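User: I am new to reading protein structures. Please take me through some features, one at a time.

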Amino acid sequence: MSTTAPPAANVYDQLGVTPVINARGNNTVLGGSTPSARVRRAMQDAERYYVDMQQLLERSGAVIAELLGAEAAYVTPGAAAALALGTAACMAGTDADKIARLPDTTGLPGQVLIQAGHHYHYEHVVTVPGARLVEVGEAGGTTAAHLDAALGPSVAAVLFPAHLDGAPGTLPLTEVIQIAHARGVPVLVDAAGRVFPLDKFRGYARVGADLVAFGAKYIGALNASGILCGRRDLVNAAAQHGFIGFETTAWEKSFGRPLKVDRQTIVAVVTALQEWLETDHDARIAGYERRLAAMAAELEGAAGVSLSIVHGDGPAPCVLRLSLDAARARYDAGGLLKALLNGSPAVAVGQHGDAVTINPVTLREEDDGLVASRLGTLLL
């Protein structure tokens, strides 16, 4: 009698890992993205031959820069890596001795400014190469005078999180660029998921941002991939601080040796960007709206649940919002999120205060009915 166990149904079963239906969006801890068939084909093509990685990075950067209307671009292992490399470029440039000195910033401009109203989840990534994050402004807000007074010789850059542009008590990006440039200080924009609308995606470099970091997972490339684009001198310096610089022109000096990307990832970023810019986004969003409306119809009548389709920019152009009245609904938002994750199959949704959201960007259409059914079982 054979004692060989039958093969597991899929790779997650083999590893003992729970598969998740992702209705939350391009969330890093859920795997970020699913590359399209076109991107997967390009990655497979790249596997046929090895390549000079420096040449591949330079040529891919030129293509990406042209597509985005920037002077230069460099593929990174995510937006956070782009911010770390960009910060290093602003502090030490291409000087080999300064590159080797990081993260020791003695004698270098080692401060990165951030407005008081701009603190956010990923801000500390700029400290990876040794920078010190310095808040500018007061509890009531940041004024032009606050920023101008803080722009001394010890400042390497101003960090600007693009998703907080327009936040109360903060200066807008265009004004920050104007003030910083008057003092010769570059502006580093974290635009990780701000890839739509397309005019905004392409607009950061156009308005004068010196360096812009994007997460390429938001355009359909891999979870651990990103783009740093902007001024040619700073992008070139960032490359010197990266893994390719460590292996070539900044031999054994740069801190960024761990920030390696493979050839398949680079090709995936270029292909995904081309596909993203060619996409009919009106049709894409109309498809999302149709699917969300159908799901909402399945949930009509749930006690204490208000349903609405909410539109926005960036990585979630529209979501189905379920606002939950804790006194009347069967679950509050946190309880509903946990119940969905603990079910079989696990379903991940977003949570925003007393509401949960369904994001169709990462939800396969074939799973729409299952998600609506699970929600209906829990709420109706």
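User: Is L15 buried or exposed?

Analyst: Buried means under 20% relative accessible area, exposed over 50%, and partly exposed in between (1.4 Å probe, protein chains only). L15 counts as exposed because its relative accessibility is 62%. This is a predicted model: local features need pLDDT of at least 70, side-chain atom pairs count only at pLDDT 80 or more, and totals for chains, interfaces and linings use all residues. Residues are numbered from 1 along each chain as its sequence is written, and side-chain values use heavy atoms, leaving out hydrogens and water.

User: Which helix holds L15?

Analyst: Helices are DSSP runs of H or I with at least four residues, numbered from the N terminus. L15 lies in helix α1, residues 11-15.

User: How much of the chain is buried?

Analyst: Buried residues make up 51% of the 380 residues.

User: Which residues touch the most other members of the largest nonpolar core?

Analyst: A nonpolar core is a set of buried Ala, Val, Leu, Ile, Met, Phe, Trp, Tyr and Cys residues joined through side-chain atoms within 4.5 Å. Here the largest has 120 residues, and V189, F201, F214 and I358 touch the most other members. Helix α4 (residues 79-92) gives the largest share of this core, 9 residues.

User: What does V189 touch?

Analyst: Contact means heavy atoms within 4.5 Å. Leaving out residues up to four places away in sequence, V189 touches several residues, including L83, F160 and Y204.

User: What does the C-alpha trace span along its principal axes?

Analyst: The trace spans about 65 × 65 × 40 Å.

Methods:
Helix = DSSP H or I, 4+ residues; strand = E, 2+ residues; numbered from the N terminus.
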